[in-house]
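Open your viewer and get ready to select residues by number.

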Amino acid sequence: MTTNALAHSILLALAYLAAGWLGLQIPSVGTHITLVWFPTGIAVAALLRWGWRLWPGIYLGAFLANLAIGSAWPLAAGIAVGNTLAPLLTASLLKRAGFHPAFDRERDVAIFIGAACLGMMLSAFGGVTNLYVAELTPAESAVSSWLTWWMGDTVGVLLAAPILLSLSLDKLTILGRNHREFLLWVLASCATIWLAFFHDFDVQGQALPLAFLTLPLLAWAALRFGNPVTALAALSFSVAAAWGTATGHGTFNLYELHISLFLLWSYMTTTVLTGLLITALQAERRQAEQTLRSSEARLGSIINAAPIPFALNDEKQNITFLNKPFVNTFGYSLEDIPTLCDWWLKAYPDPAYREWVRSTWQSRFDHSKEHGSEFQPLEVKIVCKDGATRTVLVSAAPLVGNYIDTHLVVLYDITERIQAEGVIWKQANFDSLTGLPNRAMFRNLMQQEIMKSERTGTQLALCLIDLDQFKEVNDALGHDIGDILLKEAALRISHCMRGSDTVARLGGDEFTIIISEVTETAHLEAIAQKLITELATPFQLGSQTVHVSASIGICLYPNDANNIDSLMKNADQAMYAAKNQGRNRFSYFTPAMQEAAQIRLSLSNDMRLALQRQEFLLHYQPQVSIESGRVTGLEALVRWQHPEKGLIPPGVSIPIAEDTGLILPLGEWVLRTACYQLKQWREQGMVDVQMSVNLSARQFRQENLAASISRLLEEIGLPASSLELEITESLAMDNPVENTRTLHNLRNIGVGVAIDDFGTGHSSLGYLKDFPISCLKLDRSFIMHIETEPNDVIIVSAAIELAHDLGMDVVAEGVETSKQVEYLYRLRCDIIQGYYYCKPLPAGEVIRYITDRNQSPSHPTGNNIPPMDVLVIDDDEFICTMMASVFDSLGHRPHTVTNPIAGLDIIQQNPGQFGLILVDMLMPKMSGIDLVQAIRKINRDVPIVICTSYSIDAIHKAFKPFEKTCNLLNGINCFILEKPFTGDEVAHLAQKIFHVPAHLSA
């Protein structure tokens, strides 16, 4: 045993002895049995506080106490064993049951009473047994002695142990705070004790109720002063009752001994239980309050610390609490929104939306309350104090405890999530570059439009747009410029469409348009033409001017297809047909296109082996000088001799070669083969003919193009001047700065360069003048209508003049009629190429054709013009006389008339008599415009010279509305002679009109 334990044991023995002595001062029931044995309570309390090692102190105290009452030491030693074992058993039972010495639970009171009753049975059994052995208690009174011993020890535990277990300085501080109330309580307790337990009563039972006046005082102590004072009060009341009864006073004195003891012990037990239960209930209440306060504090901390906005409102619709995240998120404080009404008005300023939110909220709230289910969260948009809008998921729940009729409102801010979902949705459904719907979104929208079309019974159109030459832009200027071009193109396309139409980007340079409620194709054609015009307008991308065009395929639902995939496929075929037709145009889908697409797919597969199988061959189309009639050049044209399908035209084979990537090896083969063929012809004597070869975009953009061509010419042994390379106008303008360097490199090695298909692209005159170009080739689309289209005549004439001014020759492609040749001659075109002279020839037929044409006698130039009848209609006789003199000197037969009516009569009599008619613009009776219109009704082709004192531009504007109806082709069959003029000017104009080389007239 440690020193500390030894000291505690000695103290315990002394306390046990002192308490026993005090208990013995109360008159005893028997020699060795007392009414209340307090030491057992001290022993139990000591064991609970300091542990079982103190049992020697208990035994020593019990032994000495028994010796003090005159017991022999063997008896004292035997009784002390029971007095020691009983507290040990009681303390053990209490610890095993989880007893709290503070008596702060109701269950602790029950456990304490049960353990005391069980433990003291052992003490009573040991004590009575020892008395019986010592012959101090007869057998017949053993039971009553055991009960008395047991009750005395048990009551001693109930009275003494609680005060010792609960006594502490900090619990007594409450007496200092409430000392006046405590003094009042002490006085009241003393008065009640004297009245109930030390007053003499004459009638049995007369004052029994007075004993229980101590219970309110006990409750007072328990509620106001805590456990120690309550335990002390119970002890005091019980001791007073026992002393008064033992001394013949008080309420329990008038009864028989056994009844008196029973009433006394009942009172003591009741007093102890009442005090313990009240203190336990009070402790539980305080603990519950503390737990509630802690819970409230934690709830407040959690609510304030949580990142989610919370609000509390009571049954009167007052907002009682807003946490910090609420204020930080929405900006409103309790001063701004003291009630829910204020919140509704400020958070939802739009009346209609506010009413929807309130009605929906109330409906869900009522449903939750009626069915006892959770509140279904409501997604709303809240306007913050600063005007910003947040998307919030709002939920509510009633609180319990002290928060009856209070609701917690949780406002989960999902703005960022909604925005993130919006970004994800947009990324998944919209093109990141242009902002247009992507392929996935397009298909969804297309399906919706198809369903709508089925409901309404209307047609819808799918337009597939592909930018021509976009790949060349990407390759030449880089993908950054290409991306800018795509964004600009998307804007132009969108601006051309209605709000109800859908524009989407499928990828690359492909765009689609869904046009709903189509009633007539004329509307589609107008839209398509508008798109083509808009996209053909040059794009100014920073310092770069880029020219592209668009090919558009149009497919109709349900006429052409009844599902999305078929519509897409058919629109793609129509777009491809537009490209094959020359690009920069639109095409409707036709069933024949499906067959063409299948053929195209088959040819694409066959072409991959065509070079290896040597299925390609070259044809050569002569280029004839319009002045001399001699062949001056040849254009090499590739042909594909398919083993099964025969000769494949270049309009089919070249696009396939471009799509399959074979255009580069094919172009190199064409160049090498044409140069070797020219070398062979030159060795056969054909030394004054130049070879023209078309370059694809990939060939033209090859690095060191000029050097590789120079090596080829050196290898073959051809002079560079014998080769002319043709590039398209659009290709030349794709990257004019880089292309200018390439063209200069070609010019430096002596190779000629021609611009092919001139007029179909978007030439910049600023660059065109800097290009080292030797020749412009006019596209056949302008030549084929030169006989009937005044605008085409103007374009061809301007192009020829421009080329000549820049020192270039002009080649007209696609010439097929003598009229076209004659008109081109009058417009001063240099070279003719077309079926009028010769179709493309195989290599074996070229020498014979050129020999026959070039080795014949020189063609006469046509200086000997045959006499012509010339009619002059002018009201000025001087003009008529001068004109007659000039034409007479030229060997022609002039006729003059001063009356326009008379002139028309002459023409009417013989419409084909005159080779030239001159009319004055201003004459009486008939204007020059009316006169020209009348002449054209008689003869649509006769050349007319308009003599006028107005400017040439003014006359052009005056006749512009009638050019086409009157077949007025400026520079061909319509000329303007501005007054004053001289005879030489008239003679020069007549020679231009009548001078036609003999080979042309033939």
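**Stop 1: a salt bridge across the chain**

Select Glu517, which is partly exposed because its relative accessibility is 45%. Keep in mind that this model is predicted.

The side chains of Glu517 and Lys452 form a salt bridge, with 3.7 Å from N to O. This pair ties together distant parts of the chain: Glu517 lies in strand S8 and Lys452 in helix H17 (residues 439-456), 65 residues apart. Is Lys452 buried or exposed, or partly exposed? Lys452 is partly exposed, as its relative accessible area is 28%.

**Stop 2: the open sheet**

Stay with strand S8 and show the sheet around it. How many strands does this open sheet have, and in what order? There are 5 strands, ordered S7-S8-S6-S11-S12, and their pairing is mixed. In general, strands of a sheet pair through backbone hydrogen bonds, either parallel or antiparallel.

Which strands stand at the edges? Select strand S7 (502-507) and strand S12 (585-588). Each has a single partner strand, so one side of each has no neighbour in the sheet. Neighbouring strands of this sheet are turned by 20° against each other on average, direction ignored.

Next, select strand S11 (residues 549-557). S11 runs parallel to S12, and 4 bridges join the two. To see a bridge pair, click Ile554; its bridge partner in S12 is Tyr588.

**Stop 3: helices on the sheet**

Select helix H19 (residues 479-495). H19 packs on the sheet and touches strand S6 (459-468), S7 and strand S8 (510-518). The direction of H19 makes about 10° with that of S8.

Then select helix H21 (residues 564-580). H21 also packs on the sheet, touching S6, S7, S8, S11 and S12. The direction of H21 makes about 145° with that of S11.

**Stop 4: further salt bridges**

How many salt bridges does the count come to? The count comes to 26. Here are some to look at.

Select Asp874 and Lys979. Their side chains meet in a salt bridge at 4.0 Å, N to O. Asp874 sits in the loop between strand S23 (869-873) and helix H34 (877-889). Lys979 sits in the loop between strand S27 (974-978) and helix H38 (983-994). The two residues are 105 residues apart, so this pair links distant parts of the chain. Asp874 counts as buried because its relative accessible area is 2%, under the 20% cut-off. Lys979, at 24%, is partly exposed.

Move on to Glu963 and Lys960. Their side chains form a salt bridge at 3.1 Å, N to O. Glu963 is buried, with a relative accessible area of 7%. Lys960 is partly exposed, at 38% relative accessibility.

**Stop 5: Thr320**

Finish at Thr320, in strand S2 (residues 319-322). Thr320 is partly exposed, with a relative accessible area of 43%. Show its surroundings. Beyond its neighbours within four places in sequence, Thr320 is in contact with Leu312, Asn313, Asp314 and Leu334.

Last, draw a distance from Thr320 to Pro338. Their C-alpha atoms are 7.6 Å apart, although the two residues are separated by 18 residues along the chain.

Conventions. Residues are numbered from 1 along each chain as its sequence is written. This is a predicted model: local features need pLDDT of at least 70, side-chain atom pairs count only at pLDDT 80 or more; totals for chains, interfaces and linings use all residues. Side-chain values use heavy atoms; hydrogens and water are left out. Buried means under 20% relative accessible area, exposed over 50%, partly exposed in between (1.4 Å probe, protein chains only). Contact means heavy atoms within 4.5 Å. Two strands pair if DSSP finds at least two bridges between them. Axes are lines fitted to C-alpha atoms, for helices over the stretch in contact, and angles run from 0 to 180 degrees between N-to-C directions.
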